[in-house]
Amino acid sequence: MRIPPSPRILKMLGEIQFDEWQCVAELIDNSFDDFTEIVRSGQPWAGGMKVSVALPSAGGRVSDSTVVIRDTGQGMSLARLERAVRAGWSSNDRFDKLGLFGMGFNVATARLGRKTRVLTTRVGDPEWIGVEIDLDKIGEDFEALDLVEPKADPNEHGTRIEISKLNPVRAEWLRKNQANLRTTLGKLYSWILEHRGYELWVQGTRVLPRRHCRWGDDRFVLYGNGSSQERVPAFIPIDQTFDPGEVCLDCGNWQAPNKGICDQCGSGQLSLRQRRIHGWLGVQRHLDKREFGIDFLRNGRKILQWDKRLFDWQNPNDPLGVIDVEYPIELVHQGGRLVGEIHLDHVPVTYQKDAFDYGDRSWKAAMDFLRGAGPLQPEKAKKAGYPENASPLGLLYKGYRRNAAGTRCLIPGDGTGPIHEQTRLWAQKFHNGVEEYQNDERWWEAVANHDERVKEAKLGKTRAVSPERPDEAAVIEALGDLTSAAPPVGDAPAVTPSSTPASSPKSPAETARERLDRYQAQSTIIPELTRDFGLPRLGDLRVETRRVVGTTVTDDAGHDTPLLLVQGAGGTATAYVDASHDAFGRLGVDPAELLLTEIAMSLRVRANSDLPISHLITELRRVCMPDTALDVDTLTGQAREVLNEIRWMMVKQVDSDPARAFQYLTAEEVTATENEMIANGILTAGHLGANAEFLLYAPPLYLVRLFESWPEAFLDGTVFVGPYEAVSSQSSRALSVARVAGYLNDIATLLSFRSNPGSTRLQRTRLSLRLLLDETASGE
């Protein structure tokens with residue numbers, strides 16, 4: 001079989017930059033293309049559509065190692081095989097397929113090894129036919145060795161590619177990264193594996209699609225207030241069709257229909273094609289520092305993953321100006337959560353399939369549709385002369401750019417703030433296939449539970465100030481039963497001590513199972529304490545912690561207990577926390593401390609360990625609850641998160657008179673604010689003070705001074721719940737201001753100075769964070 005071009009060029013193809021996973025993917029593409037042909041033909045296919053990849057084993061020598069890719073596709077005739085392995089060969093179906101043999105096949109195989117055998121057969125063929133391309137032996141006559149192998153079953157079908165004489169560096173990578181390769185391919189082909197049912201196996205293990213951990217189709221937030229309030233869904237389907245265009249099958253150029261010849265190359269090989277954008281934009285259930293953004297696909301394969309181009313905006317009137325990154329702008333250190341999956345089958349890609357042609361008109365049209373022409377940020381759009389961004393991404397940005405815990409922004413919380421670290425752990429369980437984490441119920445419970453706990457905390461505070469009427473039963477019990485000493489009323493007969501009430505049948509005693517069912521029914525999950533606990537020498541315990549209200553928690557002996565740990569099957573346990581117990585009220589005990597104590601005792605007994613309980617509690621907190629550590633970086637992140645939410649609320653209150661807020665800035669703070677705004681891509685510092693947006697970037701300690709100087713703007717339930725205008729006493733007003741200002745000052749001080757303040761001040765700041773959240777209004 002003749003394999004032009006020259007052997008020298010074939011060897012040079014192996015120097016083209018393709019990573020190891022790209023080489024494997026290039027060959028998988030060809031198999032998936034074959035499967036797609038079968039599906040489109042409508043013919044039944046026995047045995048399924050399966051691609052198997054075998055890699056160099058851990059114990060073998062590189063010189064004896066091979067890479068083998070086999071599929072259960074249609075197989076090829078001799079003529080098609082000869083075209084398929086010829087470098088530079090292309091097909092007229094270039095726009096409907098992932099890849100082709102030709103150049104991609106030669107680059108991938110030559111980069112992995114110097115010898116490639118291709119064997120193929122169709123249903124009914126009497127034998128396997130093939131070709132052996134040995135770069136060390138093929139001569140200037142371009143002749144490669146033909147192969148014929150016997151066939152065990154005439155119904156066998158498919159293609160097998162065997163690569164040997166492997167490049168040692170690439171062979172070692174494939175040997176060491178089998179799991180990573182599966183993960184990479186699972187991301188790359190996630191849509192195909194999930195929606196078309198093709199099977200992909202690497203080293204005997206099936207590759208699973210890496211799905212997005214996003215909110216369900218029916219979740220939404222409410223944006224705005226009153227008559228302007230609108231519902232913003234957490235999932236937006238995309239399906240936009242543009243006018244069809246003619247594409248040149250020789251050079252790939254798109255142009256308006258009915259021209260007859262290609263504008264670029266003069267070819268008459270033109271085809272009228274549909275141009276369609278489809279897929280979805282949505283919201284991830286957790287914030288991630290890297291894994292957010294939009295996946296762009298061509299014919300089902302991901303070309304771009306976690307791409308963030310849609311979040312950038314550049315003023316078209318200033319092409320050399322700075323590119324503004326519009327998302328995330330709140331809690332950048334926590335990452336983002338806007339995601340999506342967009343199919344652009346009509347947009348050309350690079351030969352490496354890791355980028356689109358960003359200069360192509362089809363790419364630009366898709367970007368304009370998805371994110372609009374103007375900025376996403378409303379104030380920035382207004383300044384630049386654009387209307388409000390009504391694009392699909394603009395709508396999503398409006399509803400979900402902020403990250404406050406609760407239903408307002410669809411962020412899980414624990415009653416004091418967001419639980420980002422915990423939701424990331426839940427996302428890992430989602431990707432690991434743990435059943436109870438596949439839908440979004442666990443996340444939604446934490447969202448709703450946060451709002452409920454905030455409401456209860458505020459109600460409890462109100463009751464502490466204005467207690468309800470006293471417990472009459474308790475008063476009567478304390479004073480004694482006075483009814484026996486009172487004279488009878490009217491003609492009613494007096495009850496004498498000898499009177500015996502009629503006996504009533506006793507209700508059966510509650511069983512242990514019934515008691516636990518009652519706790520379950522009257523409880524909600526505490527998300528921040530629901531996780532896996534364990535230590536290397538003691539084993540693991542998967543604990544679901546639940547907050548019980550409306551009933552007293554007791555153990556098997558009937559003793560009241562603030563926390564009851566109930567062992568389950570398979571290394572699981574449920575912890576019931578009595579929310580009304582004195583331990584968590586008057587005594588101020590942290591539920592986490594009691595939970596860790598119970599878990600430590602359980603693990604110690606189960607492992608028959610003699611380690612001290614105090615040691616186990618310390619290690620459990622360090623290993624299993626690192627987010628609760630008194631760590632300056634962790635606390636700084638939490639403080640920044642809380643202050644950022646307060647900034648947004650303060651902006652809303654002073655937007656009608658930003659000049660008054662601006663006057664409290666010192667000259668040094670003006671400079672710091674300008675620098676921060678410019679660094680974050682705000683249009684120009686010349687707009688500083690024209691609106692309240694500068695509060696988002698002003699130094700933290702300025703916010704304390706602004707609050708103390710203008711308290712009536714921020715109290716009475718606007719930003720903070722404390723009274724101001726509602727009370728006439730100056731001392732009461734001063735108390736409201738001092739309480740909030742003290743908490744706010746602790747947080748601002750931590751964010752303003754880089755040095756570690758020490759454990760005592762960190763403990764104080766952590767407490768101030770909790771107390772400030774209690775003082776913060778619920779917002780819009």
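Trainee: What share of the contacts in the chain with a separation of 6 or more comes from residues 24 or more positions apart?
Mentor: Residues 24 or more positions apart account for 68% of those contacts. Please bear in mind that this is a predicted model.

Trainee: How many helices and strands does the chain have?
Mentor: The chain has 22 helices and 23 strands. Of its 780 residues, 48% are buried.

Trainee: Turning to helix packing, at what angle do α15 and α16 pack?
Mentor: The angle is about 115°, and the axes of the two helices are 9 Å apart. Helix α15 covers residues 591–606 and helix α16 covers residues 613–624. The crossing of α15 past α16 is right-handed.

Trainee: Which residues of α15 and α16 meet?
Mentor: From α15 the residues are Ala592, Glu593, Leu596, Thr597, Ile599, Ala600, Met601, Leu603 and Arg604. Their counterparts in α16 are Ile613, Leu616, Ile617, Leu620 and Arg621. By class, this contact has 10 nonpolar, one polar and three charged residues.

Trainee: And what lies in the loop between α15 and α16?
Mentor: Asn608 lies in that loop. Its phi is positive, about 55°, although Asn608 is not a glycine. Most residues other than glycine have a negative phi.

Trainee: Is Asn608 buried or exposed?
Mentor: Asn608 counts as exposed, because its relative accessibility is 71% and the cut-off for exposed is over 50%.

Trainee: What about Asn299, where is that found?
Mentor: Asn299 is found in the loop between β14 and β15, the latter being residues 301–307. Asn299 also has a positive phi, near 50°. Its relative accessibility is 9%, so Asn299 counts as buried.

Trainee: Changing topic, how many aromatic pairs are there?
Mentor: The count comes to 23 aromatic pairs. One of them is formed by Phe296 and Phe356, with 6.5 Å centre to centre and 80° between the planes, an edge-to-face arrangement.

Trainee: Which parts does the pair of Phe296 and Phe356 tie together?
Mentor: Phe296 lies in strand β14 (residues 293–298), and Phe356 lies in the loop between β18 (336–343) and α8 (361–371), so the pair ties together parts that are 60 residues apart in sequence. Both Phe296 and Phe356 are buried.

Trainee: How are the rings of Phe707 and Phe720 arranged?
Mentor: Their centres are 5.4 Å apart and their planes stand at 80°, so this pair is edge-to-face. Phe707 belongs to helix α20 (residues 700–709) and Phe720 to the loop between α20 and α21 (730–752), so the parts tied together are 13 residues apart in sequence. Phe707 and Phe720 are both buried.

Trainee: Which residues do ring pairs link into a cluster?
Mentor: Phe32, Phe35, Tyr189 and Tyr198 are linked into a cluster by ring pairs.

Trainee: And which ring does the charged end of Arg231 sit over?
Mentor: The charged end of Arg231 sits over the ring of Phe220, 3.8 Å from its centre. Likewise, the charged end of Lys308 sits over the ring of Phe292, 4.5 Å from the centre of that ring.

Trainee: Back to the backbone: which residues does a cis peptide bond join?
Mentor: A cis peptide bond joins Tyr327 and Pro328, with omega of about -10°. Pro328 is found in the loop between β17 (324–325) and β18. Most peptide bonds are trans.

Trainee: Where is the place of Pro527?
Mentor: Pro527 is in the loop between β19 (523–525) and β20 (531–535). Its relative accessible area is 1%, so Pro527 is buried.

Trainee: What does Pro527 touch, leaving out residues up to four places away in sequence?
Mentor: Pro527 touches Gly413, Ile419, Gln422, Trp426, Ala446, Asn449 and Arg453.

Trainee: Lastly, is Ser768 buried or exposed?
Mentor: Ser768 is buried, with a relative accessible area of 4%. Ser768 lies in helix α22 (residues 759–775). Not counting residues up to four places away in sequence, Ser768 touches Tyr743, Asp746 and Ile747.

Technical notes. Residues numbered from 1 in each chain as written. Predicted model: local features only at pLDDT ≥ 70, side-chain atom pairs only at ≥ 80, totals over all residues. Heavy atoms only, no water. Axes fitted to C-alpha atoms, helices over the stretch in contact; angles between N-to-C directions. Helix = DSSP H or I, 4+ residues; strand = E, 2+ residues; numbered from the N terminus. Left-handed = near helix turned anticlockwise from the far one by under 90°. Contact = heavy atoms within 4.5 Å. Nonpolar A, V, L, I, M, F, W, Y, C, P; charged D, E, K, R; others polar. Phe/Tyr/Trp six-rings, centres within 6.5 Å; stacked < 30°, edge-to-face > 60°. Buried < 20%, exposed > 50% of the residue type's maximum accessible area, 1.4 Å probe, protein only. Lys NZ or Arg CZ within 6 Å of the ring centre and 35° of its normal.
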